[in-house]
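Subject: Handing over a structure, with notes

Dear colleague,

I am passing on the structure below, together with some notes on what was found in it. Please read the notes with the sequence and the structure open beside them.

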Amino acid sequence: MNQHRILMTLIILSSFWTSTSYAEATSPDSTRNAMPELTIYHLEGRRSERLVWLMEELNLPYNLVFERGSLAGSMAKIKAVNPDMPMAPTVTLGAQVLVESGAIIELLLGRYAPNELHPPIDSNEYASYLMWMHYAEGSLAARLIADYRIWLKEPPTERSRLVDSEATVQFAENYLDKNAWFGGEDFSAADIMMLFPLTLATSLNIVDEAQFPKIALWKEKVVARPAYKRMLEKARPDGMIGMLPKLPSHAPAGPRR
Ligand SMILES: N[C@@H](CCC(=O)N[C@@H](CS)C(=O)NCC(=O)O)C(=O)O
């Protein structure tokens, strides 16, 4: 009887150890691959913050290059490494020079932290996650900036027939009405991609902030994250600099023609 008990205890203990080492085997660090040196060329308050924030969320090393308090000085540093397409972010990953924040995030996660900051690849949420990853720049930022540039010269008197800024932001609001984050149940890199254009939309008065309460609540959660705060300390030490002018007015509310 005693021998049986000892045997059972050993079986239970060994299965406990097996599941512990399985948990360790699937923990983030053990699925990560070695990353070449990453340098982020940065403009304060601009899209390059996404990459600083990503690295802070992942707790991975990076170099950050910018001239504090000077967008022109920081841009000169970008031009020195990337004269063909001087944009922020520009990164060097090993010897390669890259632009496009969304592509860089997908590359870094896919190669070096494959199980982190996105839903499981075979879930419906992954499809939504990937949609928002691309929507952030492909539709949202593109239409916000197009409307901003036009309305700065000529304030709009009616909404466009084409999908306009308000419609692109409303689509995000509707998703957040049913989902906590842009990757579904959990924070993901899609939230990192979406914050910049959604902040641009309201801070430049391209849309009416009061119309989007779910986005406002989501922003509060996002900016409370410790990794976001670490990003601010390192990448925006003096607050926002070189703000573009706010629009005096945006398109009037109401349905599109
Ligand atoms: N789609 C690009 C956009 C990059 C971009 O336009 N960055 C702005 C700063 S937020 C920039 O470098 N602008 C410089 C310019 O337009 O001359 C991305 O997501 O990385």
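Glutamate 100 has its place in the loop between β4 and α5 (101-112), where helices (H or I, at least four residues) and strands (E, at least two) are DSSP runs, numbered from the N terminus. Although glutamate 100 is not a glycine, its phi is positive, at about 80°. Glutamate 100 counts as partly exposed because 16 other C-beta atoms lie within 10 Å; by the rule used here, a residue is buried if 20 or more other C-beta atoms lie within 10 Å of its own, exposed if 12 or fewer, and partly exposed in between, with C-beta atoms placed from the backbone.

Before going further, please note that this is a predicted model, in which local features need pLDDT of at least 70 and side-chain atom pairs count only at pLDDT 80 or more, while totals for chains, interfaces and linings use all residues. Residues are numbered from 1 along each chain as its sequence is written.

Asparagine 205, which lies in the loop between α8 and α9, is a residue other than glycine with a positive phi, near 60°. Asparagine 205 also counts as partly exposed, because it has 16 C-beta neighbours inside 10 Å. As background, most residues other than glycine have a negative phi, and most peptide bonds are trans.

Turning to the chain as a whole, its secondary structure comes to 10 helices and 4 strands, which follow the pattern α-α-β-α-β-α-β-β-α-α-α-α-α-α when read along the sequence. The chain has 257 residues, of which 32% count as buried. Among contacts in the chain with a separation of 6 or more, 72% are between residues 24 or more positions apart, two residues being in contact if their C-beta atoms, placed from the backbone, lie within 7 Å.

The sheet comes next. It is an open sheet of 4 strands in the order β2-β1-β3-β4, with mixed pairing, and two strands are taken to pair if DSSP finds at least two bridges between them. β2 and β4 (96-99) stand at the edges with a single partner strand each, so one side of each has no neighbour in the sheet. On average, and with direction ignored, neighbouring strands of this sheet are turned by 20° against each other; the axes behind such angles are lines fitted to C-alpha atoms, for helices over the stretch in contact, and angles run from 0 to 180 degrees between N-to-C directions.

Taking the pairs in turn, β1 and β2 run parallel and are joined by 3 bridges, with tyrosine 41 opposite valine 65 in β2. Strand β1 (residues 38-41) runs antiparallel to strand β3 (residues 90-93), with 4 bridges between them, and here isoleucine 40 stands opposite valine 91 in β3. β3 and β4 are also antiparallel and joined by 4 bridges, and valine 91 stands opposite leucine 98 in β4.

Leaving aside neighbours within four places in sequence, leucine 64 is in contact with Ile40, His42, Val52, Lys234 and Ala235. From C-alpha to C-alpha, leucine 64 and alanine 235 are 8.0 Å apart in space, although 171 residues apart in sequence.

Finally, among the helices, α7 (residues 165-178) and α9 (residues 213-223) pack at an angle of about 70°, with their axes 8 Å apart. The two helices are therefore roughly perpendicular to each other, where angles under 35 degrees count as roughly parallel, over 145 as roughly antiparallel, 65 to 115 as roughly perpendicular and the rest as oblique. Their contact is made by Ala172, Glu173, Leu176 and Asp177 of α7 and by Lys214, Ile215 and Trp218 of α9.
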